[in-house]
Amino acid sequence: MENVFVLDHPLIQHKLALIRDENTGSKEFRELVEEVAVLMAYEATRNMPLEETEVKTPVGPAKVKVLSGKKMGIIPILRAGLGMVNGMLKLIPAARVGHIGLYRDPDTLLPVEYYCKLPSDVSERELIILDPMLATGGSAAKAVEILKEKGATNIKLMCLIAAPEGIEAVHEKHPDVEIYTASIDEKLNSHGYIVPGLGDAGDRLYGTK
């Protein structure tokens with residue numbers, strides 16, 4: 001699929017297997033999600049622009065490459081997206097963090113915004129939306145819409161597991177958004193859960209039901 005990147009690094013796949021296991025408790029689940037976020041961030045930032053400069057080593061001058069000042073923003077979708085934030089910040093500590101809160105209207109089943117706090121300069125930043133599960137794609141597509149309304153033009157989406165239906169729903173509205181995932185699973189069930197998935201990511205992160 002165009003603009004979809006499945007990250008098959010052995011460490012990501014091994015940790016994802018542990019995350020899926022129903023016997024993995026909340027503490028270990030949180031730690032694993034954070035670790036996978038670090039590894040995925042490494043892949044999702046592979047094309048960040050570089051510029052050449054010079055530093056002085058203990059032996060002499062060296063021409064080196066550094067990031068060319070590209071500003072980054074990390075946007076978790078509440079609440080499950082929070083589990084991926086610290087992992088991202090370990091790799092990109094200078095990134096600004098915004099938050100988008102969405103819930104599904106029980107009658108229309110459409111996502112409704114209840115909270116939004118973003119860096120003031122999102123239009124100047126490369127943004128990565130974080131949500132462990134891309135299921136129906138409704139929340140992710142809405143988050144992209146909110147960011148674009150604020151002037152953002154460079155947006156990526158990072159999730160642990162995606163359903164084909166979710167990928168299709170996001171790209172139907174936002175074909176320009178690159179999606180990074182560790183797995184594309186089989187399908188959604190009648191309750192909108194990814195099969196086989198890992199259950200409810202928020203509940204497993206925070207020990208709720």
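A search of the whole structure finds 2 aromatic pairs, where rings of Phe, Tyr and Trp (its six-membered ring) pair if their centres lie within 6.5 Å, and planes under 30 degrees apart count as stacked, over 60 as edge-to-face and the rest as tilted. The rings of Phe5 and Tyr180 are stacked because their centres are 4.9 Å apart and their planes lie at 15°. This pair links distant parts of the chain, with Phe5 in strand E1 (residues 4-6) and Tyr180 in strand E11 (residues 178-184), 175 residues apart; helices (H or I, at least four residues) and strands (E, at least two) are DSSP runs, numbered from the N terminus. Phe5 is partly exposed at 32% relative accessibility, whereas Tyr180, at 5%, is buried (buried means under 20% relative accessible area, exposed over 50%, partly exposed in between, with a 1.4 Å probe and protein chains only).

Tyr103 and Tyr114 form a tilted pair, 6.3 Å centre to centre with 40° between the planes. Tyr103 is partly exposed at 42%, and Tyr114 is partly exposed at 47%.

The model is predicted, so local features need pLDDT of at least 70 and side-chain atom pairs count only at pLDDT 80 or more, while totals for chains, interfaces and linings use all residues. Residues are numbered from 1 along each chain as its sequence is written, and side-chain values use heavy atoms, with hydrogens and water left out.

H4 gives the most to the lining of the largest pocket, with 6 residues; on a 1 Å grid over the protein atoms alone, a pocket is an open set of points where a 1.4 Å probe fits, with protein on both sides within 12 Å along at least five of seven lines, and lining residues have an atom within 4 Å of a point.
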